[in-house]
Amino acid sequence: MKSFGVNLLIAVIWLLLSAEPSVIAFAMGFLLGFVLLAVFQRVLGSRDYMRRVFALGRFLLVFAWEFLAANANVVWVVLFRSKESLHPNFITYDVTGLKPFEVLLLSYCISLTPGSTTVQVTDDFRTLVLHTLDADNPSAVRARLDRVLKRSILSFTR
Amino acid sequence: MTMTEMLTGMLVLSGSLLILASAIGVLRLPDVLCRSHAVAKALTLGIFLMLLGLWVYQGEKQTALKILLAIFFQVVTIPVGSHLIGLLALQKDIPRWRHRPIDDYREPGNRS
């Protein structure tokens, strides 16, 4: 978090030094600050920050891919599948040990990934109730969420 | 046609096709919860793509930043809306397609 502040500070200084303040100049300054933090990570103690930034980038890529796949899936279900071939049902997903913010992020991402939407977060933040279109194999859905989403979210929040 | 116009056209067109798909989904899918799948996913990406097309068309002007804000709020709030509809459908026990007993669903509070 301290390293993020330093990065932001460098960006603002760069913005003040540039001849014409613009969004591009701010982005340039931010990138420059990031490069500085990467080069001097021993001195500034920003190794953890670098790790988190790369993990966040990786998570965003994974999430974007899942989101596109979800949309292709929805279009296919809507246009080509009959009602009779759907087996929708609720399944539960255990999120014990995650912080409330991580549960929030996870439930948001689940709503936008293929085949599942979040229906309920229990009051103790331990269980998510999901609704899936094909609930024949709940443990496969859980394993997939564990493998794809939970791991990449935890890699940058911890 | 310039490059910008082509890109704008493609983005807006694909966005509107996705919104059309989610509208068809609302008509075709059998119950509330299945419909919320179509709305949560296809509508989010559809609106995202349409606003992105508008942003590309506007270029780097002051108004363009407001479009970024609009994208942010749309993308954040649509899944929340679908979540709330699903929550209501669960609590009110609205009739569901192929209602089966939930094999591994425990009521919250009955946890040992």
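I looked up the interface first: chain A and chain B bury about 3,500 Å² between them, 63% of it on carbon and sulfur atoms, where buried area is the accessible area (1.4 Å probe) that the two parts lose on being put together, summed over both. I noted that this is a predicted model, in which local features need pLDDT of at least 70 and side-chain atom pairs count only at pLDDT 80 or more, while totals for chains, interfaces and linings use all residues. Residues are numbered from 1 along each chain as its sequence is written, chains are lettered from A and ligands numbered from 1 in the order in which they are written, and side-chain values use heavy atoms, with hydrogens and water left out.

The contact (heavy atoms within 4.5 Å) takes 47 residues from chain A and 39 residues from chain B.

For the polar side, I found 10 residue pairs in polar contact between chain A and chain B, both residues at pLDDT 80 or more; such a contact is a pair of N or O atoms within 3.5 Å, and within protein one must be able to donate a hydrogen and the other to accept it, residues adjacent in sequence counting only if both atoms are side-chain atoms.

Leaving aside neighbours within four places in sequence, I listed the contacts of Leu130(A), among them Phe90(A), Tyr93(A), Ile110(A) and Leu145(A).
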